[in-house]
Amino acid sequence: MTEGLGLVGIVLVSHSAALAEGAAELVQQISGGATVVPAGGTDDGGLGTSTARIEAAIDDAEAGSGVLIIPDLGSAVLSTRAVLADLAGETTARLVDAPFVEGAVAAAVAAGGGADLDAVAAAAEEARDAAKF
Amino acid sequence: MPPSSDDGAAERVVVLPKPLHARPAGQLARLAGRHKETTIQLVAGAKKANARGVLAVMAMGAVTGTEVTLTVTGPDAEAVADEAAGILTAAEAVDG
């Protein structure tokens, strides 16, 4: 995992470990140095989401500037909210409503450039309006 | 190019030796991120994008042979324009 000291971290929460890991690998390559941590699959590696994996990923991604969490679908949101509720007051991690791949790319490029959490979240949200071609 | 921190404007026209895909788009966005006061605008035919927007740059769909005009305004415009042109014209591994 490439670590950028003091940069905003990105966590990708997916129902599939392979999807989260692949997206993180791609996004890291494009952003050149952002911290992107996958949190995919259930505790036993099946399809679904895991609050334990999400919490561990937030911890890994935190470098002192906050963490942006991008979920893929439905229960990824619910599981992340459960984790954030548990960590209430102990984390600056923020869940954002953004497309999984484009949002992650935009957020990681912003984070890699040293943007703060508000700007990284805004970059991810703006990706919703970005046409693919 | 003499170093200068004066505000300025610079233009470069390059013909892409490779498609403007995710990796160079990311490099341009990082360059833009390092020069927050400087604006890097790309134009290819009817498509335009600000280099800060990595998704917008990818969405230009610029393929090999496309002529891209870079317009750079702000501090260190000349140096930033050279670096941006270098990213666009670099071969896969080394500067071309």
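Trainee: Where is A111(A) placed?

Mentor: You will find A111(A) in helix α4 of chain A. Keep in mind as we talk that this is a predicted model.

Trainee: Why is A111(A) called buried?

Mentor: Let's set the value against the cut-off. A residue is buried if 20 or more other C-beta atoms lie within 10 Å of its own. A111(A) has 33 other C-beta atoms within 10 Å, so A111(A) is buried.

Trainee: Which residues is A111(A) in contact with, leaving aside its neighbours within four places in sequence?

Mentor: The partners of A111(A) are L7(A), V8(A), I10(A), A34(A) and V120(A). Contact here asks for C-beta atoms within 7 Å. Take I10(A): 101 residues separate I10(A) from A111(A) in sequence, yet their C-alpha atoms are 8.1 Å apart in space.

Trainee: What makes residues 7-131 of chain A a stretch with a name?

Mentor: That name comes from a record: an unreviewed UniProt entry annotates these residues of chain A as "domain: PTS EIIA type-4". In the model, residues 7-131 of chain A are 50% helix and 14% strand, with 27 Å between the end C-alpha atoms.

Trainee: Let's turn to how the chains meet. How many residues of chain A are in contact with chain B?

Mentor: There are 15 residues of chain A in contact with 12 residues of chain B. On the chain A side, α1 and α4 each supply at least two residues. The largest share, 5 residues, comes from α4(A). Sorted by class, that side of chain A has 8 nonpolar, 5 polar and 2 charged residues.

Trainee: And chain B, what is the order of its elements?

Mentor: Starting at the N terminus, chain B runs β-α-β-β-α-β-α. That gives 3 helices and 4 strands. Of the 96 residues in chain B, 36% are buried.

Trainee: How do you know that the span of α1 in chain B is close to the one expected?

Mentor: Compare two values. Helix α1 of chain B, residues 22-34, has 13 residues. The expected span is 1.5 Å times one less than the number of residues, and for this helix of chain B that is 18 Å. From first C-alpha to last, α1 of chain B reaches 18 Å, so the two values are close.

Trainee: Which residues of α1(B) are buried, and what covers them?

Mentor: Among the buried ones are P24(B), L28(B) and R30(B). Their cover includes α1 and α4 of chain A, together with β2, α2 and α3 of chain B.

Definitions and conventions. Residues are numbered from 1 along each chain as its sequence is written. Chains are lettered from A and ligands numbered from 1 in the order in which they are written. This is a predicted model: local features need pLDDT of at least 70, side-chain atom pairs count only at pLDDT 80 or more; totals for chains, interfaces and linings use all residues. UniProt positions are given in the numbering used here, feature names are shortened, and annotations may be inferred rather than shown by experiment. A residue is buried if 20 or more other C-beta atoms lie within 10 Å of its own, exposed if 12 or fewer, and partly exposed in between; C-beta atoms are placed from the backbone. Two residues are in contact if their C-beta atoms, placed from the backbone, lie within 7 Å. Ala, Val, Leu, Ile, Met, Phe, Trp, Tyr, Cys and Pro count as nonpolar, Asp, Glu, Lys and Arg as charged, and the others, Gly among them, as polar.
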